[in-house]
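This report describes one protein model, going from the whole chain to single side chains. The sequence and structure come first.

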Amino acid sequence: MERESPNPRSQHGTLDELQDELIQEAQQLARRSALYQRRLPRPLAADSTVSPASEEAILDECNEAWRKLGEVQNKLTLCDARTLIQDSENPLAVLLARERALMAELNVQKSREPELLLVNQEVLTSLGKQELQNTDRQLEQILSCVRAKKKSLHEQLDSSLQRMSKDLQKLTVYKETLLTVLGSFLDTHYPHPDETETPGKRRLTRGNTGLTANFITFHEMLERLMTRTMSSPHDPYLQVDDSFWPPYLEALLRYGVAQRHPDDPRCVRLNDFHL
């Protein structure tokens, strides 16, 4: 099994791309904020006092509105509830009559055009200026909150990137350690088939040709099976050839590391391991 060394260039490239994207987004937001500031209207004049004549007109209109409200209140007070339609024997008729009366009143109100309480242009202009000033202050507060939120998000993103970079380095070191330990274990307990010969035993040969079999190591067998599983998860079976030393292949099958194809015994695959 080959040890895949980490590619620091790809890691740094990913971090640099993220930083470039953040810088571009920050620049776009800054341009939009500057454009918004340029489009803001000029501050309104603080002097929004109303002339005495306008104040007199406002008081007259308020008094007239109050007089009309008093007349309506008097009519409601003098209205005798006993004059309403009451029929204990037929309550449905009472409800229908009230519905018709309400619908008629609704139609009358819909046909009426609303009247402004204030018609003085000077007063309306002053009120409009005050409303614009309130809106401007609210927008400035919103903009300040957005900028504070943006700064907080940038800080959180920088912290997350630094933490991810440290975690990635730790995982890379841990992976290298595992691969080193695994390679040392396999080299010690599963050496190359040629190195397993003992004095007095004949070297394994391929067929009757007398040529020494070119067996691969146990390490390479595992690597081929894992590569097949990762590159073709839909078809993870690998066809066994003469380079697979039978005792090592049998060990993989016996201990549940690999399994044969149910229809073709010449094909094997790694078993699925789930934590």
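How exposed is Leu96, as judged by its relative accessible area? Leu96 is partly exposed, because its relative accessible area is 36%, where buried means under 20%, exposed over 50% and partly exposed in between (1.4 Å probe, protein chains only).

## Basis of the model

The model is predicted: local features need pLDDT of at least 70, side-chain atom pairs count only at pLDDT 80 or more, and totals for chains, interfaces and linings use all residues. Residues are numbered from 1 along each chain as its sequence is written, and side-chain values use heavy atoms, with hydrogens and water left out.

## Overall build

The protein chain contains six helices and three strands; these are DSSP runs numbered from the N terminus, with helices being H or I of at least four residues and strands E of at least two. Read from the N terminus, the order of elements is α-α-α-α-α-β-α-β-β.

Of the 275 residues in the protein chain, 16% count as buried. The chain exposes about 22200 Å², and carbon and sulfur atoms supply 56% of that area; accessible areas come from the Shrake-Rupley method with a 1.4 Å probe, and for residues only the protein chains shown count as cover. Among contacts (heavy atoms within 4.5 Å) between residues at least 6 apart in sequence, 64% join residues at least 24 apart.

## Helix α4

Helix α4 covers residues 121–189, a run of 69 residues. From first C-alpha to last it reaches 99 Å, close to the 102 Å expected at 1.5 Å a residue; the expected span is 1.5 Å times one less than the number of residues.

Buried residues in α4 include Val123, Ser126, Leu143 and Leu161, and Thr172, Leu179, Gly183 and Leu186 are buried there as well. Thr172 has 16% relative accessibility and therefore counts as buried. The side chain of Thr172 also reaches the backbone oxygen of Leu168 at 2.8 Å.

## A nonpolar patch

Leu96 is placed in helix α3, residues 91–111. Together with Leu92 and Leu95, Leu96 makes a nonpolar surface patch of about 290 Å². Patches are made of residues with over 30% relative accessible area and no salt bridge; like charges are joined within 9 Å, and nonpolar side chains (Val, Leu, Ile, Met, Phe, Trp, Tyr) within 5 Å.

## Salt bridges

The structure holds six salt bridges, each defined as a side-chain nitrogen of Lys or Arg within 4 Å of a carboxyl oxygen of Asp or Glu. Arg269 pairs with Asp272, with the closest N and O atoms 2.8 Å apart. Arg269 counts as buried at 13% relative accessibility, whereas Asp272 is exposed, with a relative accessible area of 52%. Elsewhere, salt bridges that share partners join Glu64, Arg67 and Glu71 into one network.

Arg67 and Glu64 lie in helix α2 (residues 52–78), three residues apart, or about one turn of the helix. Arg67 and Glu71, also in α2, are four residues apart, about one turn as well. Arg67 is partly exposed with a relative accessible area of 40%. Glu64 counts as partly exposed at 33% relative accessibility, and Glu71 counts as partly exposed at 39%.

Key: A polar contact is a pair of N or O atoms within 3.5 Å; within protein, one must be able to donate a hydrogen and the other to accept it, and residues adjacent in sequence count only if both atoms are side-chain atoms.
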